[in-house]
Structures are given as C-alpha cells and as structure tokens.
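Colleague: I have a model open and want to learn how to read it. Can we go through it feature by feature?

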Amino acid sequence: MQCSLCKAKAVIYRKYEGRALCKKHFLESVEKKFLKTIRKYELLERGDKVAVGISGGKDSATLLYLLSKFQDKLGIDVEAILINEGIQGYRNLTIPYAEKLASKLKIPLHIVSFKEQIGKDLDEMVKISQKEKLELTPCTICGVFRRLLLEKKAREIKATKLAIGHNLDDEAQSILANYFKGDLIRAARLGPKPHVIEGVFVQRIKPLIDIPEKEVALYALLRNLPVDFAECPYAQGSYRWDVRELINNFELKHTGTKQNIVRTYEKIMPCIRESLPKTINRCEKCSMPTSRRICKACEIKELLNID
Ligand SMILES: [Zn+2]
Ligand SMILES: [Zn+2]
C-alpha cells in the first residue's frame, strides 16, 4: 500500500479517514493532532509546569515524548511522576523503561510508591480484599490511590497541570463504563480537561484524547521509545476489559464508533456539569476535598484495615 500523500510505502491505513500514510506523514499527522487538541481545548498556557504521569507503557511514553519535543514551542516545563503500585511481575518490569525514557529526554522523574505512601502494595491490598470477600476490585483500589498520589505529588512539585496519557480508546471506554454504571460524579472527570474546582485540585489534561490506541502504539514504536507493551495482570476480566471488547467489536463493524462516543459526550458534558453539586466537602479523616463525608481513599483504607 502507498501513502495517499507521497506514494512512499504506507505504515498505516486509517479506515476512519480513508487514507494510508507513510512513516513520515503518519508521525507528522499524530504531532499535528496532538498540538491541535492542546489548542482547541486550551489545555496548556505558556509558563505552565506540567507533571506527566508515566508508567513505562506506550501511552505515557508517547505523551512524555511529545510534551518534551514541543516544550519550547509551548513554553512549558515538564516533569514526570511514576506511581509504583507494587504489582509483581508487571510494574517492577515496566519501571526501568520509564526511567530510561525520562533520562533519554532529560526530564526529571519522581517515583512514588503505594507501599511508602499508603503502607501496603496493591498486591497485598488485593489479597486482603479477596480474603475478606470485600466488593473491591483491584482496579477500583488502584485507581483511587493512583489518583490520590499523582495529585499529591503534582501539588508538591508545584505543577500547574497534570497530564495523563488517556488515548481515544481509553476515553471512549471510560464514557461507556460510566454511562453503564450511571455515575454522574465520575462522569464529570471525563473530557480533555475535566472540570476541577480551581485552587483545590491540579488541573488534569489529556492531550492524546483524539488519538486511537493503535496509533499511539505505532507512534511509540516508530520513534523507538523505550516501552513495555505488557498489560496489567489485573486488567483481564475487569469491567473495563469487557467494555473495551464491546467497543472494539463495534468499531470493527462500524468505523468511527470511538470518535462518535467521545464527540457526543463532549456535547452533553455542559449539562452533566450543571447537574453536579456546586460545593465540595472536606473528608472528615484526611481533609482532602470530596463530594462525600469520608473520601473514597479513606473508605478503602478503612475496609482494608490499613492504619
Ligand atoms: Zn507520505
Ligand atoms: Zn480522606
């Protein structure tokens, strides 16, 4: 197959655009999309200090690479944060990739671990949860503490934005998963620049939200980024896993499904935000902002009998 723009050998056929691209034009097109997303949603402003959550995987590697590549053009400072959840046979293997990438790009890297900050590894917490037959999935526990620790570290290094490597597929999955679960508060966390109460949380941004997962992977590969392609052992069989299968099957038959899910959601987002509580409580235990009496992190700690 030939590139639709220059007749060189194509590396990808984009069914949703009906065109094939060679390596050069593919890389250029991903970079253009990334910059366009930043402009369109006003994700960054000059002088921002951007903390990037990285994991050693393809999404965060591509994100860190792109932010570092355009650092001067965008007028921003970039630092990376890695959360070590303590997942044997997975995270311990991906960390060296993240370290290699950060040092290659000369980006300062901060590593924060569950064990140090919360007192237990994710593996240990999952064991307790299973032993006590709690209705806490590994992904729930992991998600809550990852958010918390990323937020804390980002604040500590005085970051003005917290960038995460959510791609188009991740976003489409989150939207449907929230829809299926009927969770409005969590639904407000979606979108390229989720709503936050100013001065309370560091603004999260998702610059890869318009790029499909397959293309993020291809970009990382073609740029030779140090990346581990392993999947989290807890992912299989999770709720998100089922939603992912469903969307992927749909996309195969109906091209453009993922883009449509995300675009439709963008249109109804203002209405969802309208219906949310305008004030925020402080957690009675840790005083972190929360919509509840006790925040989710403290609730999980209580359930698992941690400190
Ligand atoms: Zn070309
Ligand atoms: Zn709390």
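Colleague: Is C283 buried or exposed?

Modeller: Buried means under 20% relative accessible area, exposed over 50%, and partly exposed in between (1.4 Å probe, protein chains only). C283 has 4% relative accessibility, so C283 counts as buried. This is a predicted model: local features need pLDDT of at least 70, side-chain atom pairs count only at pLDDT 80 or more, and totals for chains, interfaces and linings use all residues. Residues are numbered from 1 along each chain as its sequence is written, chains are lettered from A and ligands numbered from 1 in the order in which they are written, and side-chain values use heavy atoms, with hydrogens and water left out.

Colleague: Which residues coordinate the zinc ion (ligand 2)?

Modeller: Donors are N, O and S atoms within 2.8 Å of the metal (3.2 Å for Na, K and Ca); water is not among the atoms, so sites may look incomplete. Here the zinc ion (ligand 2) is held by the SG atoms of C283, C286, C295 and C298, at 2.2 to 2.4 Å. Their spacing in sequence is C-x2-C-x8-C-x2-C. C283 sits in the loop between β8 (281-282) and β9 (289-290) and C298 in helix α13 (residues 296-303), so this pair ties together parts 15 residues apart in sequence. Helices (H or I, at least four residues) and strands (E, at least two) are DSSP runs, numbered from the N terminus. C298 is buried too, at 9% relative accessible area.

Colleague: How many disulfides does the structure hold?

Modeller: A disulfide is a pair of cysteine sulfur atoms within 2.5 Å. The structure holds zero. Take C139: the closest cysteine sulfur, in C232, is 6.5 Å away, too far for a bond. C139 is partly exposed, at 39% relative accessible area.
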